[in-house]
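The following exercises are to be worked with the sequence and the model at hand. Each task is followed by a solution in steps.

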Amino acid sequence: MLRKRIIPCLDIKDGRTVKGVNFVDLKDAGDPIELAKKYSRIGADELVFLDITATHEKRKTLVPLVEKIAREVNIPFTVGGGVSSIEDAGALLNAGADKIAVNSAAVKRPELIRELADKFGNQCVVLAIDAKLTEKGWKVFLVGGRKQTELGLFEWAEEAQKLGAGEILFTSMNHDGTKAGFAIEALKTLDESLTIPVIASGGAGEVQHFEDLFLQTKVSAALAASVFHFQTIEIPELKYNLAQKNIPVRTIV
Amino acid sequence: MKNIVIIDYGAGNVKSVNFAFQRLGFEPVLSHDPVVIKNADYVVFPGVGHAKSAMEQLKTKNLVKVIQELRQPVLGVCLGMQLMCRFSEEGNVDGLGIFDVDVVRFDDQLKVPHMGWNDLQNGDSLMNDISDQAYFVHSYYVPLTNETMATCHYGISFSAALAKDNFYGCQFHPEKSGEIGERILKRFLEL
């Protein structure tokens, strides 16, 4: 049976892992490679690295970092943050990334999704969507959640699927950072409207939230950052509890 | 030292596969030179992307006959394994015809790609006694045949791995499947 994936997300700034709450008060959380190895050892099913480096100059550290991760980590990983062209994506994939996450650049120019899928295959194109429930429904936000668009979450996800995205990573901004649980209703609707896998993100605070997510929706995976980095939830304990509820998770040898 | 050659034909996750062998303490050679490939002790044939464009790359580099005639152990990974089959629905393209079976697309009722960790079952040969989960990511699959070396279930049962004479193939990614994947790669190098 296909197992539900548990995916820690590591924020990278200038080649180091950082952790903070809602991008505020960022603290150095150490060497991304050591953290990645630790997570893969204790049962993470996949990893996501999100480069939040602000300047183009410092972003050049990303490709050598990706190569080091690929050298040492024996599970799949996605890299995102500022990818806006075939060249950006190609450099990261050639360095050993398994998938590329695109966000703002794809909203500005949806054809980017098609170009990436045609060139590299749709299995390595992850569309990341940050969305918020507004008075006009779920709307897509850009630039790390600072800028609202008129684009609706469900319409955008369906268009991205048509253009060739292989997976949707949906972060609910209403839930992100709250530690009060995932956006179950929106995730259920989104997942049922798509034929590609959906990764849920935003709101994880305790084990029960992952249980609710996988018992009440059919999403393929759950992504979280701070609960894993601050060790509020340990992955082996999480997986043990999910397995007790008959939720299929990967067992570690 | 074992002479491992990874076929580098412009459509592979060559680097990931190379790193996996390096973690095991080996130093593979990446090449699309027919002479280098023919002289290898072990040949690895990776692949990600689209079947039709990958076959075109093989033809451009004059590798079709080279791969078909190899006599040493050969391991196709993911698209590499699919290209070793007779025909693929992905781009309706003829493959290398080493495995006597056609590659078909998953039912649209399922989430496609089949992406993530799924169980290896009924393992034989290289896959004997391996029943753990491996990492899969694919939209097309190889049905069960008498060349199936392990099965996996996603909507239907399909070939997780194939074997015929000196040719082996994994639909999953051993280079991304943690310790299980490493165990399978080690077994391949013991052939």
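**Exercise 1. Describe the fold of chain B in numbers.**

Solution. Begin with the contacts, where contact means heavy atoms within 4.5 Å. Among contacts in chain B between residues at least 6 apart in sequence, 67% join residues at least 24 apart. The model is predicted: local features need pLDDT of at least 70, side-chain atom pairs count only at pLDDT 80 or more, and totals for chains, interfaces and linings use all residues. Residues are numbered from 1 along each chain as its sequence is written, chains are lettered from A and ligands numbered from 1 in the order in which they are written, and side-chain values use heavy atoms, with hydrogens and water left out.

Next, list the elements. Chain B has 6 helices and 13 strands; helices (H or I, at least four residues) and strands (E, at least two) are DSSP runs, numbered from the N terminus.

Then consider the dimensions. Along the principal axes, the C-alpha atoms of chain B fill a box of roughly 45 × 35 × 25 Å.

Finally, of the 191 residues in chain B, 60% are buried. Buried means under 20% relative accessible area, exposed over 50%, and partly exposed in between (1.4 Å probe, protein chains only).

**Exercise 2. Characterise the interface between chain B and chain A.**

Solution. First, count the residues: 32 of chain B are in contact with 35 of chain A.

Second, state the area. About 2600 Å² is buried between chain B and chain A, and carbon and sulfur atoms give 51% of that. Buried area is the accessible area (1.4 Å probe) that two parts lose on being put together, summed over both. B:Lys111, B:Met115 and B:Trp117 supply 28% of the area that chain B buries against chain A, more than any other three residues.

Third, examine the polar links. There are 21 residue pairs in polar contact between chain B and chain A, both residues being at pLDDT 80 or more. A polar contact is a pair of N or O atoms within 3.5 Å; within protein, one must be able to donate a hydrogen and the other to accept it, and residues adjacent in sequence count only if both atoms are side-chain atoms.

Fourth, assign the elements. Helix 1 (14–23), strand 8 (114–119), strand 9 (133–138) and helix 6 (178–189) of chain B each give two or more residues to the side that touches chain A. Strand 8 gives the most, with 6 residues.

**Exercise 3. Locate salt bridges that join the two chains.**

Solution. A salt bridge is a side-chain nitrogen of Lys or Arg within 4 Å of a carboxyl oxygen of Asp or Glu. By this criterion, 4 salt bridges lie between chain B and chain A.

One of them pairs B:Lys111 with A:Asp191 (3.0 Å, N to O). The side chains of B:Lys176 and A:Asp98 also meet in a salt bridge (2.9 Å, N to O). B:Lys176 lies in the loop between strand 13 (167–170) and helix 6 of chain B, and A:Asp98 in the loop between helix 4 (86–94) and strand 6 (99–102) of chain A, so the pair joins two chains. B:Lys176 is buried, with a relative accessible area of 2%.

**Exercise 4. Identify backbone exceptions in chain B.**

Solution. Recall the rule: most residues other than glycine have a negative phi, and most peptide bonds are trans.

Step one concerns the peptide bond from B:Val112 to B:Pro113, which is cis, with omega near 5 degrees. B:Pro113 is in the loop between strand 7 (99–105) and strand 8 of chain B.

Step two concerns phi. B:Cys78, although not a glycine, has a positive phi of about 55 degrees, and B:Asp129 has a positive phi near 65 degrees.

Step three asks where these two residues lie. B:Cys78 is in the loop between strand 4 (74–77) and helix 5 (79–83) of chain B and is buried at 6% relative accessibility. B:Asp129 is in the loop between strand 8 and strand 9 of chain B and is exposed, with a relative accessible area of 66%.
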